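Please look over the sequence and the structure before reading on.

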Amino acid sequence: MIRTGTLTEFVECRNPFEYLYLHGRLETSAEEEQRLYAMANPGRGFSELLVDTKVLGASDLGKLIKWRGKIKSKIMECRTKRDRREEDVLSSDEELEVKILDAHREEARDGKRRR
């Protein structure tokens, strides 16, 4: 019996070689194809590689692994951009906190001077 996996699981797995070894077929939905293929175009004949991964040669396995690497790098790019935006928001919040603390310190100093 052939174990079936999904293309998304393949992309998200930790060890793609083990995943391909354990799963003989990779299935995709139309929306999954559209989303993943938009990130990195796999080229012609890619869907044929997914039908039976047990009979793939080294070059075909290489194509799958390289395509997965492109997808992973795009995902990491998006995550780093999102993280940078979050850091920018955090840094502006931190700047505001520092200004507030400085203002409180100055008020405290002025209060001590007046006494």
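The structure holds 0 disulfides, a disulfide being a pair of cysteine sulfur atoms within 2.5 Å. Cys13 is buried, at 14% relative accessible area. Cys78 is exposed, at 51%. Here buried means under 20% relative accessible area, exposed means over 50%, and partly exposed lies in between (1.4 Å probe, protein chains only). Accessible areas come from the Shrake-Rupley method with a 1.4 Å probe, and for residues only the protein chains shown count as cover.

This is a predicted model: local features need pLDDT of at least 70, side-chain atom pairs count only at pLDDT 80 or more, and totals for chains, interfaces and linings use all residues. Residues are numbered from 1 along each chain as its sequence is written, and side-chain values use heavy atoms, with hydrogens and water left out.

**Fold**

The protein has 5 helices and 2 strands. Along the sequence they follow the pattern β-α-α-β-α-α-α. Helices (H or I, at least four residues) and strands (E, at least two) are DSSP runs, numbered from the N terminus. Buried residues make up 22% of the 115 residues.

**Charges**

Which residues form the positive surface patch? They are Lys74, Lys81, Arg84 and Arg85. Patch residues have over 30% relative accessible area and no salt bridge, and like charges are joined within 9 Å. Lys and Arg count as positive, Asp and Glu as negative; His and the chain ends are not counted. Each charge is placed at NZ of Lys, CZ of Arg, CG of Asp or CD of Glu. Arg84 lies in helix H5 (residues 58–114). Its relative accessibility is 52%, so Arg84 counts as exposed.

Side chains of opposite charge can pair when their charged atoms come close. A salt bridge is a side-chain nitrogen of Lys or Arg within 4 Å of a carboxyl oxygen of Asp or Glu. By this rule the count is 1 salt bridge. Lys63 pairs with Asp60, and their closest N and O atoms are 3.9 Å apart. The two residues are separated by about one helical turn, because they sit 3 residues apart in helix H5. Asp60 is partly exposed, at 22% relative accessibility.

Leu20 lies in helix H2 (residues 16–22). Leu20 is buried, with 7% relative accessible area. Leu36 belongs to helix H3 (residues 30–39). Leu36 is also buried, at 2%. Ala40 sits in the loop between H3 and helix H4 (46–51). Ala40 has 7% relative accessibility, so it counts as buried.

Each of these residues can be paired with another one along the chain. The table gives the C-alpha to C-alpha distances.

| Pair | Apart in sequence | C-alpha distance |
|---|---|---|
| Leu20 and Leu61 | 41 residues | 8.8 Å |
| Leu36 and Val11 | 25 residues | 9.3 Å |
| Ala40 and Gly69 | 29 residues | 9.6 Å |

How values were computed. Patch = residues over 30% accessible without salt bridge, like charges linked within 9 Å, V, L, I, M, F, W, Y side chains within 5 Å.
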